[in-house]
Amino acid sequence: MIKAASRLDGIGEYYFSTKLREIEELNKAGKNIISLGIGSPDLPPHPDVIKVLQEETSKANVHAYQSYKGSPVLRQAISDWYGKWYGVQLNPDSEILPLIGSKEGIMHICMTYLNPGDEVLLPNPGYPTYKSAVALAGGIGVDYTLDEAHNWEPDFETLEQKDLSKVKLMWVNYPQMPTGKLPSAKLFSKIVDFGKKHNILICHDNPYSFILNDKPASIMSVPGARDIVLELNSLSKSQNMAGWRIGMLVGSAERINEVLRFKSNMDSGMFLPVQLAAAKALGLGKDWYDELNKIYTTRRKKVFALLDSLRCKYDRNQAGMFVWASIPDSEESGYTLSDKVLYQANVFITPGGIFGSAGEKYVRVSLCCKEENIDRAMERITKSL
Ligand SMILES: Cc1ncc(COP(=O)(O)O)c(C=O)c1O
């Protein structure tokens, strides 16, 4: 009998992978489910970006393997982008590593730094991939709770009381997914101080800073952050390029080289036309982000109304492409509310519990859905629930 490796014990298929299969079955049975679940932008990238891809692809000399470190054009574009929007100066030759998606980068970091038994602090609620990447790399995930009472920020006083001697790494992510909590300069400083004090590598995951937020921020702007922080960023959300798989890792030259030692054994670089198109996307001006955010703002108003009809409560000042909302007392959990909405109204919203136990009394609604479909979802919900 062939048995999967024991490192997969306890690692299930990704929630959305199974749920989307169920939704497909419901659709085959004629249900025509409206999905307000996943955060995959439905809008296209800028036409100039597509044009670069098309033009570059038709050239004869772009089809070979590319450098493991990424094209210098893309690294320069990333450096310029960090300088322009975050006020962070990065050396394009040594402090930037383009990635085939930032999700992949989470795994690269865990494989680069974790030995069996090393502990990793994980946000609860948080992006589920942190936990599985840590487990796959042989580490031990230790949850730190985020709650509304503490403004969805780590409770450093409680953390300081724990035995942190085995903690090697901490995952943080602001604007936070799923809660939509925005970072403050003070929060970023506190996180950096905490990492330095306990010699914990801070891994900041920053894919949402441009969505419904007019002050994009990077933890790298904290003086001295480079000594203890790695930051992941992505073109998936802010450039509508989720399927293209383009992300980036930034940090000190030493850290970037360490991660490259692992990554260069995993993949053989990214298709050059994709990298050149990504460089184009990073050069887009403020009007690109303004236009995007105008659309998300209109959609969000409709999602607020939909959540009102479910008697859910939410903070109106959230960033990112979701609305995070607490369920009414009458509802047992986000799972029961999500199932009710799915089976009675043919609308899918994500139960907050998939992001960790601290999310069980919440649901998350995606803004990656056309206005008219949010309207139809609202109609179905008000009619059938
Ligand atoms: C918090 C967070 N980090 C990382 C990712 C992965 O993004 P990418 O498409 O760059 O792999 C996602 C995607 O949903 C996310 O929500």
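Start by selecting C369: its sulfur is 8.7 Å from the closest cysteine sulfur, in C368, which is too far for a bond. C369 is buried at 6% relative accessibility (buried means under 20% relative accessible area, exposed over 50%, partly exposed in between, with a 1.4 Å probe and protein chains only). The model is predicted, so local features need pLDDT of at least 70 and side-chain atom pairs count only at pLDDT 80 or more, while totals for chains, interfaces and linings use all residues. Residues are numbered from 1 along each chain as its sequence is written, and side-chain values use heavy atoms, without hydrogens and water.

Next, select C110. Its sulfur lies 7.1 Å from that of C203, the closest cysteine sulfur, again too far for a bond. C110 is buried too, with a relative accessible area of 0%. Across the whole structure, the search finds zero disulfides (a disulfide being a pair of cysteine sulfur atoms within 2.5 Å).

The shell has 14 residues, and the closest are S102, D205, Y208, S234 and S236 (a residue is near a molecule if one of its heavy atoms lies within 4 Å of it).

- D205: an N or O atom of the side chain is 2.5 Å from a ligand nitrogen.
- Y208: a polar side-chain atom is 2.7 Å from a ligand oxygen.
- K103: a polar backbone atom is 2.8 Å from a ligand oxygen.

Key:
Polar contact = N/O pair within 3.5 Å; in protein donor to acceptor, adjacent residues only side chain to side chain.
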